[in-house]
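Biologist: I'd like to learn how to read a model like this one, feature by feature. Can you walk me through it?

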Amino acid sequence: MLALISFRRVSPPRFWAISGWLAVVIVAFWAAPALAQQAPQETLRPDTMAARVAACTACHGAQGRAGADGYYPRLAGKPQDYLYHQLLNFRDGRRQYRPMTHLLAGLPDDYLREMAAYFSGQRAPYPAPARADVSSATLEAGRKLAMDGDAARGLPACASCHGAALGGMLPAIPGLLGLPRDYIGAQIGSWKNGLRRAAAPDCMADISNKLTPTDIGALAAWLSSQPVVEPYAPDAAGSVRLPAECGSQAQR
């Protein structure tokens, strides 16, 4: 089928439309055998949310427990509002990742809320953390930034927003543990480069712009190497006062 398409004669707008269609087809085709191994067949009936999010779990793993390649993050158990905001951000162009944008294009807000609720309700186990192949000094630098911040540079601790156990806070602040090292580094870099944005005021963009490449490497190494201790769940809404105003927490 692909051989019948001549890209030399396709205009740029049509090229991207065809590319988007092919991306969705390829993801759906790839998802089918993977899902057959990930979940019992009876959970994949067409009338279940498990079947409807097949393209999601092909990359993000069964139940959204994270991809095996060290990039696609965990979705399971994240705050529902956080997941919903990210789906909106991908669909509406505030986060730049073309496959996600194509998959979500045209989906209504209510359906995105259903998807977010599904993954938020999953309670898949966390794997053991990967050992970070960095120096003890790098790990300590990452720990200090995560737990203490750097007042001299106006950097709040990660824990001051994401909770003392780094499990997040309701309604829409995610946990930071159980994420791949490459993913953490890539997302901070995306905020610095404007490829990832949130509702204004974008507090994470402000913080990321103050971090150096060395800071980012240390944070990603330390966070990804920490074990998840159950029960690991977001703190209650308003349990701490945020050090900065974050538009994402008022977004609905």
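This is a predicted model: local features need pLDDT of at least 70, side-chain atom pairs count only at pLDDT 80 or more; totals for chains, interfaces and linings use all residues.

Biologist: Which residues of α9 are buried?

Modeller: Y183, I184, Q187, I188, G189, S190 and W191 are the buried ones in α9. The general idea is that an α-helix has 3.6 residues a turn, so residues three or four places apart point the same way. In α9, Y183 and Q187 are both buried, and so are I184 and I188.

Biologist: How do I check the length of α9, and what comes after it?

Modeller: Compare the expected span with the distance between the ends. At 1.5 Å a residue, the 13 residues of α9 should span 18 Å, and its end C-alpha atoms are 19 Å apart, which agrees. Following α9 is G194, with a positive phi near 80°.

Biologist: Is α11 largely enclosed or largely open, and why?

Modeller: Count its buried residues. Of the 12 residues of α11, 9 are buried, so the helix is largely enclosed by the rest of the structure. Those residues are D215, I216, A218, L219, A220, A221, W222, L223 and S224. Their cover includes α7, α9 and α10. The length check works here too: 12 residues at 1.5 Å each should span 16 Å, and the end C-alpha atoms of α11 are 16 Å apart, which agrees.

Biologist: How many residues does the largest nonpolar core have, and which have the most contacts inside it?

Modeller: To find a core, look for buried nonpolar residues whose side chains join up. The largest one here has 21 residues, and L166, L219 and L223 have the most contacts inside it. At least two of its residues come from each of α7 (136-147), α9 (181-193) and α11 (213-224). The largest share, 5 residues, comes from α11.

Biologist: And what is L219 in contact with, beyond its neighbours within four places in sequence?

Modeller: L219 touches G142, L145, A146, C158, I188 and L211. There's also a second, separate core of 17 residues, which includes M49, L75, L88 and A116.

Biologist: Are C203 and C246 buried or exposed?

Modeller: The cut-off for buried is under 20% relative accessible area. C203 has 12% and is buried. C246, at 11%, counts as buried as well.

Biologist: What about C161 and C56?

Modeller: C161 is in no disulfide, with the nearest cysteine sulfur, that of C246, 5.3 Å away. C161 also counts as buried, at 11% relative accessibility. C56 is in no disulfide either; its nearest cysteine sulfur belongs to C59, 8.7 Å away.

Biologist: Last one: what does the side chain of H162 reach?

Modeller: H162 is in helix α8 (residues 159-162) and counts as buried at 11% relative accessibility. Its side chain reaches the backbone oxygen of P174 at 2.7 Å. Setting aside neighbours within four places in sequence, H162 is in contact with G167, G168, I173, P174 and L176.

Note on methods: Residues are numbered from 1 along each chain as its sequence is written. Side-chain values use heavy atoms; hydrogens and water are left out. A nonpolar core is a set of buried Ala, Val, Leu, Ile, Met, Phe, Trp, Tyr and Cys residues joined through side-chain atoms within 4.5 Å. Buried means under 20% relative accessible area, exposed over 50%, partly exposed in between (1.4 Å probe, protein chains only). Helices (H or I, at least four residues) and strands (E, at least two) are DSSP runs, numbered from the N terminus. Contact means heavy atoms within 4.5 Å. A disulfide is a pair of cysteine sulfur atoms within 2.5 Å. A polar contact is a pair of N or O atoms within 3.5 Å; within protein, one must be able to donate a hydrogen and the other to accept it, and residues adjacent in sequence count only if both atoms are side-chain atoms. The expected span of a helix is 1.5 Å times one less than its number of residues.
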